[in-house]
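Thanks for making time this morning.

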Amino acid sequence: MHLCLLPPEILLQIFSIGEFYQPICSRATLASLARTCRTLKEPALDILWKNIVGFKPLIACLPECVTNTDIRARLTLERPPLDGECRLLGRYTQRIRSLTVFYEHIDDQIMQAFISVPSPTPLLPNLRNLCWWDDRECFFPLLCTLFGSTITSVRLDFTTRAPSFAKSALVASIGDRCLSIQELHCEYGGDSQESSDAICEALRGLRELFRLGIGVFNAQTMLRLASLSSLKFLSLNLRTYNFHHTHSHSTPTSSSQFEEVYITSPSCFVLTHCLRNIRFLSCRSVNLSIDYDDFIQPYDPMEIPDLIISVSECFPPTLEKLHFNFATDLDNHTEDILADTRFALGFDVVAPMLSFSHLKYLDLDWICTSVIDDTSLKTMAQSWPLLEHFVFGSAPRWLVPPSLTFIGLVHLIHHCPLLRNIKMPFSACPVDVNSAPFSNTNPSEKIRGLFVGTSPIVDPVAVASQIHKLMPKLITVGFYDWDIARFPAPSLFAQFEADWSRVNDFLKVLTTSEIGNGNSPTTAHVGGMDIWTLG
């Protein structure tokens, strides 16, 4: 073996390459390396046991005469592990840094054996990350033995069963048992006083907590959160949010320490109600997700204005990222729904968000923007000069013709010079490139992504030339693929798809022509026409 490979740190680094996605060494390979030579043994075993799923790998270390399977297909023990067998387990348990437990098919005897392992140290003495998705209370004693001062990340999911005294007691004990926690996600079934008390007790004394995910939201929990100065990331799941416990006319609770907020809600109404009762004064990034399960319509247009207002009031003008997602299958809506003008939201609906003057990332991909025109988009672009990522109504296959034109795209690029990605539908047609606003807009070499959805288009050659002048580094334009639609493409939209394919053909010729001529002025011959380009 080469001398450079002898240090264990080098071997650990090599063995852990692509550890979670495409590892360079499979578990079987690591096991083989551990048996190859003494130099490779310890580093290979460290990586092999670093991240474990369930307790079966540990049980497999015991002699076959010790383990068995009962009539319910659960692993069980014929006898308690002997002292030597416990020491053998300890050689591996000390290497475990991460444990993920789903629904375990083990019986009470194995649980008791793990709890009773004769050792001066905990069962997993170096455990850092614990994910526990099994909410059967019979295993809570084993879970409690895993809590310790070494743990920095805990994820608990107790949502499949109703809240109970045992769950509340377990959750409440986290703060005393795991003082070094930096990340805690606790999905606790029910937004009740009992669950709120348990969460608040768990958070007491967690001075290193940085990231928190909970399903309980009320004034009590927010006041507790405000006492944790280290907390910067908050994830709220409002699936069980009880709006009867929080009155909308009450004084909103303010929080000044959060930099990033993620909120998942079952409906627009619940999210609006929640946002009206909280103010995130220093938040820079927000991700709002609505698990909308109405298969009849993509959203209720009557609920959106109040929701947008609540968003504008809840978050500060210094907000940099706003990702607003409706978790609904937009491709499953019928042609009649996607052609219904009721879903088109006007500029007055979006206007409250103009106060976010520091926006760099805006994603409103689900809305129908068909009635927003070039003048309105210009106002939006002037209000958000720092935009780098702009996604605006391009996800669904809206069949309502857009009011935006190519001029709107020019306004966007003119007033937002930092843009890198644009996704929005607009009517692509020839414009006068020698007149304002096109003539006084500097080409953007930053833009590398443009998605137009189902945008109508006239004269693909002229449109390709205009796009190339505005975005000289853009190689291709993305558009909606009607092959994945629930219904056949209307004839007009099928033609649009074909025309955007031609635009990409022309862009390829234009960029290739410039590269071949060293970015000097040149004439490209495409589609039977000569197009003059400037590198």
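I will begin with a pair of helices, then turn to the core and the aromatic rings.

First, a word on the basis: this is a predicted model, in which local features need pLDDT of at least 70 and side-chain atom pairs count only at pLDDT 80 or more, while totals for chains, interfaces and linings use all residues. Residues are numbered from 1 along each chain as its sequence is written, and side-chain values use heavy atoms, with hydrogens and water left out.

Helices and strands here are DSSP runs, H or I of at least four residues and E of at least two, numbered from the N terminus. Helix H17, residues 406–415, and helix H18, residues 460–470, have axes that come within 12 Å and cross at roughly 5°. That makes H17 roughly parallel to H18, a label used for angles under 35 degrees. Where they meet, with contact meaning heavy atoms within 4.5 Å, Phe406, Val410 and Ile413 of H17 face Val463, Gln466, Ile467 and Leu470 of H18.

How buried is H17 as a whole? Of its 10 residues, 7 are buried, so H17 is largely enclosed by the rest of the structure; buried means under 20% relative accessible area, with a 1.4 Å probe and protein chains only. The cover over those buried residues includes helix H16 (374–383), strand S16 (389–392), strand S17 (421–423) and H18.

Setting aside neighbours within four places in sequence, Ile467 is in contact with residues including Phe406, Trp500 and Leu507.

Now the rings: those of Phe, Tyr and Trp (its six-membered ring) pair if their centres lie within 6.5 Å, and planes over 60 degrees apart count as edge-to-face. By this rule there are 19 aromatic pairs. One of them is the edge-to-face pair of Phe324 and Trp366, at 5.3 Å centre to centre with 65° between the planes. Phe324 lies in strand S14 (residues 321–326) and Trp366 in the loop between strand S15 (361–364) and H16, so the pair ties together parts that are 42 residues apart in sequence.

How values were computed:
Axes are lines fitted to C-alpha atoms, for helices over the stretch in contact, and angles run from 0 to 180 degrees between N-to-C directions. Angles under 35 degrees count as roughly parallel, over 145 as roughly antiparallel, 65 to 115 as roughly perpendicular and the rest as oblique. Buried means under 20% relative accessible area, exposed over 50%, partly exposed in between (1.4 Å probe, protein chains only). Rings of Phe, Tyr and Trp (its six-membered ring) pair if their centres lie within 6.5 Å; planes under 30 degrees apart count as stacked, over 60 as edge-to-face and the rest as tilted.
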